[in-house]
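Subject: Structure handover

Hello,

Here is the structure I promised to pass on. Please open it beside this message and follow along.

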Amino acid sequence: MIRKLSNLVAITILAALLAQFLPWWSLMLASFAVSFFSVAKGSASFWVPFLAGALLWLVHSFLLANANDFVLTNKMAVLFPLQGNAALVLLVSSCVGGLAAGLSGVFGKECRLLLDKKK
Amino acid sequence: MEIRKILISFKLCEITLFANLHTNQNLQHLRRFMNRFTFLRSLFLAALFFYLLNNPIGKLPPLGKILSPSEGFWQNEKDEITTGTLELEGLKEPVKIHYDAQLVPHVFAQNDLDLYFAQGHVTAKHRLWQMEFQTHAAAGRLSEIFGKKALEHDRMQRRKGMVFGAENTLKDMAADAETIALLDAYTQGINSYINSLEQADYPVEYKLLNYAPEAWTPLKTSLLLMYMTDMLCGGDADLEYTNALRLFGKKRFDAWYPDFFDTLDPVVPKETSWKHISSTMTAVPNQQTPLDIIAETFEKPHPNNGSNNWAISAEKSYSGNPILANDPHLGLNLPSIWFVMQLATPKHSSYGATLPGALGIISGFNKHIAWGETNATRDVKDWYKIQFQDASKSTYRYEGTWNTARIRVEEIKIKGQASFLDSVRYTHHGPVSYDASFKGRHGKQGYAMKWVGHLGGNGQRTFLELNRGKNYEDYLAALQHWVAPAQNFVFAAADGDIALWVQGDFANKWKGQGKFLMDGSLAANDWQAYIPKSDNAFSKNPKRGFVSSANQYPTDQSYPYYVFNDGYESYRNRIINTFLSSKNKLDLEDFKSLQNNNFNLKASELLPTMLAEINRGALNTKELHMLELLASWNYDNGMNALAPSLWTEWWNHLYKLTWDEFEQKDVALKKPFTYQTIYLLKNKPNDTYADIVATTTVETAKDLFLISFQSAMSVFDTWDAKSSYKWSKYKGTAARHLLQGLPAFSRFDIPIGGEENSPNAVTHDHGPSWRMIVEMSSPPKALGIYPGGQSGNPGSVYYDNFIDTWAAEDYFEALFMQSTTDTKHIRSTQTLNPKS
């Protein structure tokens with residue numbers, strides 16, 4: 001439990017830091033790195049980074065949109081199209097972040113396992 | 001699908017492996033194998049997902065890029081209120097940018113170089129995507145963004161010689177040391193902004209279309225000017241008229257397309273004397289119009305592109321100060337074509353509407369003078385039939401010999417594909433736009449274009465000089481640089497002068513020249529000379545106490561140079577002049593109400609005849625009721641009225657039915673103008689045009705009124721409630737995003753009245769794109785509004801916040817700051833410092 005929680009926090013912080021100077025895939029990189037150095041067991045290797053990524057993208061995008069009264073988010077909800085529903089844009093966006101982090105988290109763990117086995 | 005198949009095959013592998021597990025004794029070995037397998041699977045999934053998010057899929061932009069909060073569209077959730085300090089290379093001294101409540105930037109620089117540097121920087125900050133997109137569109141480079149579907153557009157732009165014209169303009173700007181220095185500073189300013197951008201900062205359109213801004217160049221400013229030139233004087237109907245002449249004969253052609261209409265209220269008052277003109281008029285040569293069958297021509301600029309402007313003298317003004325008004329009518333797009341600014345140095349300070357991409361204020365004022373433009377429609381584009389010697393199209397017939405054609409190879413880059421190379425032949429006339437390879441003649445023939453748009457000229461200098469102008473002499477000097485698009489430049493000065501010049505380069509044509517296709521092998525058909533600028537029509541301090549223009553005839557028939565009707569507007573000018581003449585004194589409220597005037601003069605001139613002539617006996621109760629509704633109409637196209645919708649539908653049906661002989665396949669035609677159509681319906685009701693070709697009976701105007709009324713009113717049967725055919729609903733005015741009207745970034749159903757021929761010329765997609773009223777008090781007082789907003793960012797509340805004010809016939813008061821410390825109404829300030 002502690003490892004799960006610490007991984008969650010570590011991925012979120014690292015991803016937020018890397019995003020300052022790297023493109024969107026900095027989230028995948030952060031999740032990969034944390035999962036590599038701190039291997040999680042079973043399905044947690046997916047869900048923990050998924051939660052971290054989804055949470056980070058959700059909170060960050062919510063803060064940006066909320067500060068501007070969702071002017072653009074409402075328009076993007078028409079563009080994509082998501083029935084003009086800004087909440088759906090937030091949901092889709094955070095799921096995409098979650099999946100990106102989750103999948104690279106699993107990959108990070110598998111890399112570690114492969115290396116460990118070779119030793 | 002592919003992805004799902006791969007995933008399923010992974011799953012099958014897994015199952016087979018597990019099944020084998022029990023039979024295989026070497027568990028250790030198998031586990032290693034399994035690990036490797038799950039490793040590969042995780043690698044595959046992570047890589048696949050990365051690929052999908054990093055690349056556009058179908059119509060979707062790269063989802064990872066666009067949805068990431070740190071670099072995606074979330075970063076564009078900004079109102080663009082700007083503060084802080086920047087250090088920029090290229091500046092000489094500090095510049096202050098004060099933003100008011102409308103997000104209008106007030107730029108205060110210490111010198112002209114810094115001023116235009118800052119104009120470039122600030123414009124790019126709010127309008128970068130639009131600036132680049134419009135110049136890409138002008139240059140025929142949209143295929144680079146959209147791929148092959150834009151190729152036809154790009155070829156058309158290249159074959160019109162848009163880049164050729166822009167290069168010529170740049171040459172003339174570069175020949176003037178001051179212009180090029182200021183243009184370079186402007187360019188540097190834009191690039192100082194572009195270079196500061198990361199992916200996260202790009203305007204959202206770049207993110208959606210997955211491309212990046214490129215560096216600005218002086219040529220791009222030139223291309224923006226060409227974009228306007230093409231929009232305002234790129235239209236003509238020579239080839240359509242040639243078809244009409246062939247199909248209908250000279251007699252009917254002349255009756256349908258007269259050089260002058262019977263009613264005339266020209267830009268320059270009728271009583272003006274032309275005695276000062278001493279040039280020789282060009283003699284009519286002996287030549288024959290080639291009566292070719294022309295199937296297809298270029299897409300034309302919007303027929304409603306036009307404008308109103310007027311100015312009243314001190315004597316006619318309520319306050320004793322001259323007052324000037326201008327409202328250019330253009331396509332209603334977002335981001336708006338205009339960007340309002342104040343541009344100030346210690347030596348001069350001007351306020352008004354700028355065009356993102358060009359230097360200075362285009363329609364505005366300083367403390368001495370005010371200026372504005374309307375389009376001075378004139379036939380400035382002609383077509384010449386070219387006979388090439390052979391299929392190589394390297395030489396063409398001219399005066400009995402073969403002239404060499406220059407070949408300009410246009411490389412059109414296409415996203416995701418190899419470039420398209422288009423070899424365009426240039427004759428001494430201009431580019432051979434239509435030939436065997438494009439919309440054109442077979443084999444060895446082609447049509448070459450002669451257009452003032454290719455002449456170059458330093459029109460940019462006109463605006464630089466107007467911005468710092470102090471009086472009529474400065475205005476006149478500024479206008480001498482103007483070549484195209486010809487404009488009616490209205491002028492008012494604090495010292496009391498008002499004036500209006502119809503300015504531009506016009507060919508001194510022989511009577512009839514350029515109305516139809518001409519034989520390009522005869523020197524006599526070439527443009528022989530240009531009208532000296534001093535002979536252009538103008539009006540200064542006329543007796544009537546006002547000057548005005550609304551795209552009508554520049555002069556009456558007494559003007560010695562050849563002018564014929566090439567799409568002159570015939571209604572707005574008369575409403576405006578009648579209004580301005582109707583009062584001895586006018587105030588700002590009068591000006592507002594005239595700019596927002598919805599009177600339908602066109603309907604008032606035909607509807608009484610239609611109502612009197614229509615056979616009421618043939619109508620049912622419902623139709624009679626609608627006829628009554630029309631009979632009680634006051635000809636005001638107010639947004640809530642029902643009658644304008646009925647009238648418009650009836651008129652459209654009538655016009656189509658009247659000119660049914662024009663409904664021909666594979667022949668490019670232009671139907672006669674509204675004014676002449678109404679003239680014929682009223683004065684020649686039994687003429688052959690009224691006969692419906694498809695029937696065996698002979699119809700007259702009276703029959704057309706009835707048939708068109710019944711078909712038009714049936715349209716309203718399907719409308720559920722009266723409220724749905726209220727004029728504004730029926731019209732459905734919208735301001736559409738430049739990107740093919742992207743609905744998410746557009747505004748629909750704007751509640752506004754007016755119609756194409758009323759001063760408030762708002763149609764469904766077109767209208768007054770900037771309304772300005774300036775009183776030349778000390779300092780000047782000004783009102784402005786446009787259907788958009790200062791920010792080009794759809795994420796900003798300033799993207800479209802002016803639209804409702806504009807629709808409500810309201811304005812904002814221009815804040816004309818008298819000094820950089822006069823910051824009482826300033827919301828935020830940004831400082832641009834030279835980089836040390």
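Predicted model: local features only at pLDDT ≥ 70, side-chain atom pairs only at ≥ 80, totals over all residues.

**Chain A**

Start with chain A. Its 119 residues include 49% that are buried. The chain has 5 helices and 0 strands. Along the sequence the pattern reads α-α-α-α-α. The C-alpha trace spans about 55 × 25 × 25 Å along its principal axes. Now take the contacts in chain A with a separation of 6 or more: 68% of them join residues 24 or more positions apart.

Is P49(A) buried or exposed? P49(A) has 36 other C-beta atoms within 10 Å, so it is buried. The cut-off for that label is 20 or more. Setting aside neighbours within four places in sequence, P49(A) contacts I11(A), S31(A), S35(A), A101(A), G102(A) and G105(A). For a sense of scale, take P49(A) and A19(A). They are 30 residues apart in sequence, and their C-alpha atoms are 16 Å apart in space.

Next comes V106(A). Its helix is α5 of chain A, residues 86–118. V106(A) counts as buried because it has 26 C-beta neighbours inside 10 Å. Beyond the neighbours within four places in sequence, V106(A) is in contact with S45(A), F46(A) and S42(B). S42(B), one of these partners, belongs to chain B. V106(A) and A15(A) are 91 residues apart in sequence, yet 16 Å apart in space, C-alpha to C-alpha.

**Where the chains meet**

How many residues does each chain bring to the contact? Chain A gives 30 residues and chain B gives 38. On the chain B side, α2 (27–54) and α3 (63–67) each supply at least two residues.

**Nonpolar cores**

In soluble globular proteins, nonpolar side chains tend to be buried together.

The largest nonpolar core in this model has 196 residues. Which of them touch the most other members? They are V107(B), A311(B), F491(B) and A492(B). Helix α4 of chain B, residues 112–139, gives the largest share of this core, 14 residues.

A311(B) deserves a look of its own. Not counting residues up to four places away in sequence, A311(B) touches P322(B), I323(B), L324(B), V490(B), F491(B), A492(B), I498(B), F546(B) and V547(B).

There is also a second, separate core of 47 residues. Among its members are L72(A), M76(A), V106(A) and V204(B). V106(A), described above as buried, therefore turns up again here.

Two packed helices are described by the angle between their axes and the distance between the axes.

Take α8 (residues 177–194) and α12 (residues 459–467) of chain B. Their axes are 10 Å apart and the helices pack at an angle of about 85°. Angles of 65 to 115 degrees count as roughly perpendicular, and α8(B) and α12(B) are therefore roughly perpendicular to each other. T179(B), L182(B) and L183(B) make the contact from α8(B), while Q460(B), R461(B) and L464(B) make it from α12(B). That contact has 3 nonpolar, 2 polar and 1 charged residues.

α12(B) is mostly covered, with 8 of its 9 residues buried. Those buried in α12(B) include Q460(B), R461(B) and L464(B).

Now compare the other pair: α18 (residues 643–658) and α20 (residues 701–717) of chain B. Their axes come within 8 Å and cross at roughly 130°. α18(B) and α20(B) are therefore oblique to each other. The crossing of α18(B) past α20(B) is right-handed. From α18(B), the residues that meet α20(B) include W650(B), L654(B) and L657(B). Their partners in α20(B) include L704(B), F705(B), I707(B) and V715(B). By class, the contact of α18(B) with α20(B) has 9 nonpolar, 4 polar and 1 charged residues.

Over to you.

Best wishes

Key. Residues numbered from 1 in each chain as written. Chains lettered and ligands numbered in written order. Contact = placed C-beta atoms within 7 Å. Helix = DSSP H or I, 4+ residues; strand = E, 2+ residues; numbered from the N terminus. Axes fitted to C-alpha atoms, helices over the stretch in contact; angles between N-to-C directions. Parallel < 35°, antiparallel > 145°, perpendicular 65-115°, else oblique. Left-handed = near helix turned anticlockwise from the far one by under 90°. Nonpolar A, V, L, I, M, F, W, Y, C, P; charged D, E, K, R; others polar. Buried ≥ 20, exposed ≤ 12 C-beta atoms within 10 Å, placed from the backbone. Core = buried A, V, L, I, M, F, W, Y, C linked by C-beta atoms within 7 Å.
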